[in-house]
Amino acid sequence: MIVMNQNSNSSLAEGGVLEAPKRTLFQENWSLFRKNRLAMAGLVIFVIFFIIAVGGFFLTYGRNPAFDPALVRLQEKLRPPLSKPNLETLRPEELPRLGIYLFGTDDLGRDVFSRMLQGAWVSLTVGFVAVGIAVVIGVFLGAIAGYYGSSRVRLGHLLTSVLLGWGVIDLLTVFVTVLRGRGGIDIFLGRIAVDTFMVLIGAGIPTFLIRMGNSKGRRPIPTGLSVLFLNLFSVDVLITGLIDIMLCFPSFFLILTVVALLPPSIYTIMAVIGLTSWMGSARFIRAEFLSLREQDFVTAAKALGVSDWRIIFRHMVPNAMAPVLVSATIGIATAILTEAGLSFLGFGVPPPNATWGNILSSGKDFLFDAPWLTFVPGFAVLVVVLAFNLFGEGLREVLNPKLKERH
Amino acid sequence: MLPKDDLLLSVEDLKVFFHSDGKVARAVDGVSYEVREGETVCLVGESGCGKTVSVLAILGLIPRPPGEINEGKIFFKGKNLLELDEEGLQGIRGKEISMIFQEPMTSLNPVFTIGDQIEEAITTHDAVEKDETGRRTIDLLADVGIASPEQRMSDYPHNLSGGQRQRVMIAMALACKPDLVIADEPTTALDVTIQDQILHLFRELKEKRHMALLYITHNLGVVAEIADRIHVMYAGIFAEVGTVDQIFRNPCHPYTMGLLASLPSRARKGQTLYSIPGAVPDPAYKPQGCPFHPRCTYVQESCRVEFPEMCDFGNHHFARCPIIYRQKKGN
């Protein structure tokens with residue numbers, strides 16, 4: 001009876017009645033991932049950290065927060081962890097919300113637990129936003145380099161970007177100067193005219209190139225303008241060159257320099273870390289694209305009339321994201337570490353905002369009197385960075401088919 | 001020539017060259033053919049003789065560089081496709097001419113469900129409502145013979161067998177009701193029973209939708225099943241052109257004869273299977289004169305020097321072999 005059933009099923013296989021147990025790619029990867037205990041531990045810590053950071057933001061934010069990280073109680077300074085507050089010297093609103101100083105207090109009597117909560121949010125946002133910026137830039141440039149790699153950059157293209165870029169930036173500068181009231185619009189008329197001219201020429205060149213490119217040599221190109229068609233180098237050379245140049249700088253010192261020049265704020269830190277760490281994802285995406293470009297499904301999508309941008313960002317990028325996802329996870333850990341390092345050196349998020357780095361930094365002066373001031377933030381950084389790295393490693397093993405068989 | 005009024009596609013003297021390391025590979029070296037409405041035209045030939053390149057050129061899918069269309073015109077409904085820009089071509093691809101590829105295993109995007117991919121094929125060209133797209137997707141899947149299409153829509157390509165994937169590819173190609181479907185060896189990667197099912201599906205769909213089919217294969221058995229007219233291709237040129245009957249009953253080019261002789265058949269059971277001696281020439285180093293002459297059993301002195309003309313054997317049956325022509329007409 002059973003045998004007969006099997007036979008009737010297999011004869012229908014082509015018709016699609018016999019079905020393998022259906023599992024999505026996510027379910028398959030998840031079951032693999034769950035077998036990796038260290039990676040699971042990383043994920044659990046990551047989730048806890050995420051909840052604490054988001055909760056910490058709401059608990060420490062606003063005019064009258066539940067946990068005030070900036071509340072100074074000079075009479076309660078350098079209290080050890082778990083110590084009870086002195087009820088006689090404090091006003092009721094100055095009492096810690098938990099009833100005890102969970103992580104002690106610092107040299108100004110501020111509650112370290114509240115400051116850690118605020119710092120967790122800073123670390124989380126810096127990590128995610130910086131890596132977000134890096135991934136967006138990296139994916140974009142890597143995709144362009146991989147997909148259009150062999151196309152040539154023409155002199156016209158280069159002229160366009162220089163003219164357009166210069167014109168627009170100079171116009172903006174003039175605009176800002178006038179808006180700030182540092183001079184009337186009349187002194188700048190000449191400059192505005194030159195800038196507008198540059199923008200118009202800059203915008204005109206690509207239109208010309210496209211029109212001439214479409215006609216495919218049926219119309220003769222006017223002499224003199226043919227110099228715009230001079231091939232300089234390929235798109236790939238341009239972008240990989242940019243990547244190599246960026247990689248030449250020791251990134252921490254590049255960040256230090258940039259941060260020293262810009263006004264200190266959490267947003268500057270995010271932007272600077274993001275702008276200096278996109279090279280890895282760009283390389284991964286480029287490498288993936290070089291092989292994906294030759295795949296049949298890309299040709300098939302082209303044959304369906306799908307546009308290039310859609311092919312790149314809808315069809316190819318999702319197929320190329322696996323290594324980027326892994327490097328981004330580890331990149332978040334690196335970004336958190338970089339932010340802590342910058343804050344420790346005093347270049348990071350300015351006081352009074354607390355971050356793990358500057359709690360650590362101010363704690364080092366009391367290393368022997370109040371070791372919890374360095375231990376608590378230091379341990380937090382260690383655990384979070386380790387968790388992200390373990391999680392990233394676990395992802396790598398799941399997403400890389402060559403490593404799948406090891407467990 | 002046949003009447004022109006129902007002409008859909010006409011390729012005139014197409015030449016596609018590939019440049020690499022200073023060499024020029026003449027992959028397609030001057031072919032002309034026509035496809036009429038509702039007709040099935042087959043391009044037959046060995047691997048590497050330029051079949052695929054000659055149809056990729058129609059949709060502007062030749063990678064440039066290294067490829068380059070040197071000469072020729074491709075008229076589709078009176079428009080020269082070679083003069084269209086990328087945007088114009090995108091409007092044609094998938095909408096009026098669509099293509100099915102050889103490898104169903106790799107022609108679908110592994111990260112999207114088949115429903116998503118068919119819906120994309122529809123929405124790329126037709127602005128339709130969301131539920132309308134869903135309905136059309138289910139209809140298409142049912143049309144290509146996929147059982148329980150509603151459930152299948154949410155399947156990923158890796159859930160499907162090779163034959164089912166090829167059916168999905170066909171559904172995608174048919175999504176916008178094209179007038180011409182180009183099928184590039186759609187059954188080569190499938191096993192024989194599935195191959196037969198897919199061929200039946202093609203015939204059925206062609207009748208139902210009145211579309212033309214340009215079918216590329218190296219399998220003469222397949223050709224006999226579905227073709228109206230056959231173009232036998234060798235080294236970038238057409239060796240012989242004719243109907244199924246003309247080609248199979250009265251082959252007039254030594255290459256066609258060789259191909260037919262190398263078909264396994266029951267009648268010659270036990271004998272060694274015939275094979276044409278030699279191999280297809282490297283498209284960068286084609287022999288002078290007739291490109292087939294080093295492998296030809298009818299070769300004469302003139303074949304080594306002169307490029308043969310297309311000879312008219314009557315009833316739109318052409319072959320590029322003056323030697324056979326003289327023999328047949330002499331009789």
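Helices (H or I, at least four residues) and strands (E, at least two) are DSSP runs, numbered from the N terminus. The model is predicted.

**A residue in a loop.** Pro294(B) sits in the loop of chain B between helix H10 (254–261) and strand E11 (311–312). Pro294(B) counts as partly exposed because it has 15 C-beta neighbours inside 10 Å, and the partly exposed class lies between 12 or fewer for exposed and 20 or more for buried. Leaving out residues up to four places away in sequence, Pro294(B) touches Gly278(B) and Pro287(B). Glu132(B) is 162 residues from Pro294(B) along the chain, and their C-alpha atoms are 58 Å apart.

**A covered strand.** Strand E8 of chain B spans residues 212–217 and is mostly covered, with six of its six residues buried. In a regular strand, side chains alternate between the two faces of the sheet. Ala212(B), Leu214(B) and Ile216(B) point one way from E8(B). Leu213(B), Tyr215(B) and Thr217(B) point the other way.

**Its partners.** Two strands that pair with E8(B) are listed here.

| Strand | Residues | Sense | Bridges to E8(B) | Residues that stand opposite |
|---|---|---|---|---|
| E3(B) | 40–44 | parallel | five bridges | Leu43(B) and Ile216(B) |
| E7(B) | 180–184 | parallel | five bridges | Leu180(B) and Ala212(B) |

E7(B), helix H7 (residues 192–209) of chain B and E8(B) form a right-handed β-α-β unit.

Key
Residues numbered from 1 in each chain as written. Chains lettered and ligands numbered in written order. Predicted model: local features only at pLDDT ≥ 70, side-chain atom pairs only at ≥ 80, totals over all residues. Contact = placed C-beta atoms within 7 Å. Pairing = 2+ DSSP bridges. Right-handed = clockwise from strand over helix to strand, strands pointing away.
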